[in-house]
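Hi everyone, and thanks for making the time.

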Amino acid sequence: MSLLSLFFAAVTGYLLGSISLSRLISYWKKPGETFPMMRVKLPGTDIDFISDSSGATTIFYTLGPKWGGITALFDILKTLLPTLAFRLFFPGNYLYLVVGLFSIIGDCYPIYHRYKGGRGASTISGVLLVVDFTGTIMMGPLGLFLGFVTEHVSTARWLGRVLMIPYFWITYNNAWLVIFIILVNLLFFISMSDEIKQMYILKKMAYYPSQISSLS
């Protein structure tokens with residue numbers, strides 16, 4: 001791989017990943033309005049979980065399941081298709097991992113929207129379906145199952161991606177693939193850091209309502 005090919009793959013992935021259908025749909029359905037914040041009440045409380053993510057989940061809660069599903073599908077395809085194209089047209093190297101990784105970065109930090117984007121959940125799925133279809137299909141449900149069994153429901157959707165790290169190591173014993181999946185997980189947790197901190201605080205508030213007034 002030459003530096004030029006690496007640069008081309010990175011730029012292609014980043015620019016495609018930066019396309020935000022959620023914003024386009026929001027501007028079309030609600031012209032003249034700014035992109036909405038997502039507000040979801042914690043079950044059994046009057047406490048709101050707030051997120052400024054511009055992804056499919058926000059569209060789901062603000063415009064409904066139909067548009068949320070369309071947005072999620074687009075987010076999967078906008079990373080799956082370029083990753084697949086690079087894997088098919090540039091066989092024998094890891095350019096497809098580069099375009100995949102940078103397309104996720106573009107979704108989380110889009111150049112078109114002042115680097116304020118989604119959290120990469122759907123886009124990561126799109127990339128991993130190309131990198132290892134079988135592992136992605138297996139680890140996703142396994143992560144959900146373990147999350148529910150251990151009663152860590154809020155982290156159930158993360159476990160599948162984390163489990164891909166040992167899966168890649170055992171299946172391929174390939175350092176580049178292991179580094180790739182570690183970077184993908186780090187990127188996801190960095191993009192989710194504000195939500196993770198907020199969820200931790202809100203859960204404490206739900207368990208100890210007296211803290212609400214002191215934090216307001």
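Let me begin with a term: a polar contact is a pair of N or O atoms within 3.5 Å; within protein, one must be able to donate a hydrogen and the other to accept it, and residues adjacent in sequence count only if both atoms are side-chain atoms.

Now the ground rules. What you see is a predicted model, in which local features need pLDDT of at least 70 and side-chain atom pairs count only at pLDDT 80 or more, while totals for chains, interfaces and linings use all residues. Residues are numbered from 1 along each chain as its sequence is written, and side-chain values use heavy atoms, with hydrogens and water left out.

How confident is the predictor? Its score, pLDDT, gives the confidence in each residue from 0 to 100. The protein averages 83, and 82% of the residues score at least 70. Helix α5 (residues 95-108) has the highest confidence, at 95, and helix α11 (residues 211-215) the lowest, at a mean of 34. Across residues 208-216 the pLDDT is below 50, and beyond near neighbours in sequence this stretch has five contacts in the model, a contact being heavy atoms within 4.5 Å.

Let's go to helix α9, residues 175-191. This helix has 17 residues and spans 24 Å from its first C-alpha to its last, close to the 24 Å expected at 1.5 Å a residue; the expected span is 1.5 Å times one less than the number of residues. At its start, a side-chain oxygen of asparagine 174 comes within 2.9 Å of the backbone nitrogen of tryptophan 176. Is tryptophan 176 buried or exposed? We call a residue buried under 20% relative accessible area, exposed over 50%, and partly exposed in between (1.4 Å probe, protein chains only). Tryptophan 176 has 55% relative accessibility, so it counts as exposed. Other members of α9 are buried, among them Leu177, Phe180, Ile181 and Val184.

Two of those names come back in the nonpolar core, which is a set of buried Ala, Val, Leu, Ile, Met, Phe, Trp, Tyr and Cys residues joined through side-chain atoms within 4.5 Å. The largest core has 29 residues, and Ile104, Val131, Met164, Phe168, Phe180 and Val184 touch the most other members. Helices α1 (3-17), α5, α6 (121-131), α8 (156-172) and α9 each give two or more residues to this core. Which of them provides the largest share? That is α5, with eight residues. If you click on methionine 164, you will find that it touches Leu128, Gly135, Thr136, Met139 and Ile181, not counting residues up to four places away in sequence. A separate core of five residues includes Leu21, Ile25, Phe35 and Ile59.

On to charges. A salt bridge here is a side-chain nitrogen of Lys or Arg within 4 Å of a carboxyl oxygen of Asp or Glu, and the count comes to two. In one, aspartate 75 meets lysine 78 at 3.6 Å, N to O. Both lie in helix α4 (residues 65-89), three residues apart, about one turn of the helix. In the other, lysine 78 pairs with aspartate 107, with the closest N and O atoms 3.0 Å apart. Lysine 78 is in α4 and aspartate 107 in α5, so this pair ties together parts that are 29 residues apart in sequence.

Most residues other than glycine have a negative phi. Tyrosine 115, in the loop between α5 and α6, has a positive phi of about 65°. Asparagine 173, in the loop between α8 and α9, also has a positive phi, near 50°. Asparagine 173 is exposed, at 54% relative accessible area, whereas tyrosine 115 is partly exposed, at 49%.

That's my tour, so over to your questions!

Key
pLDDT is the predictor's confidence in each residue, from 0 to 100. Helices (H or I, at least four residues) and strands (E, at least two) are DSSP runs, numbered from the N terminus.
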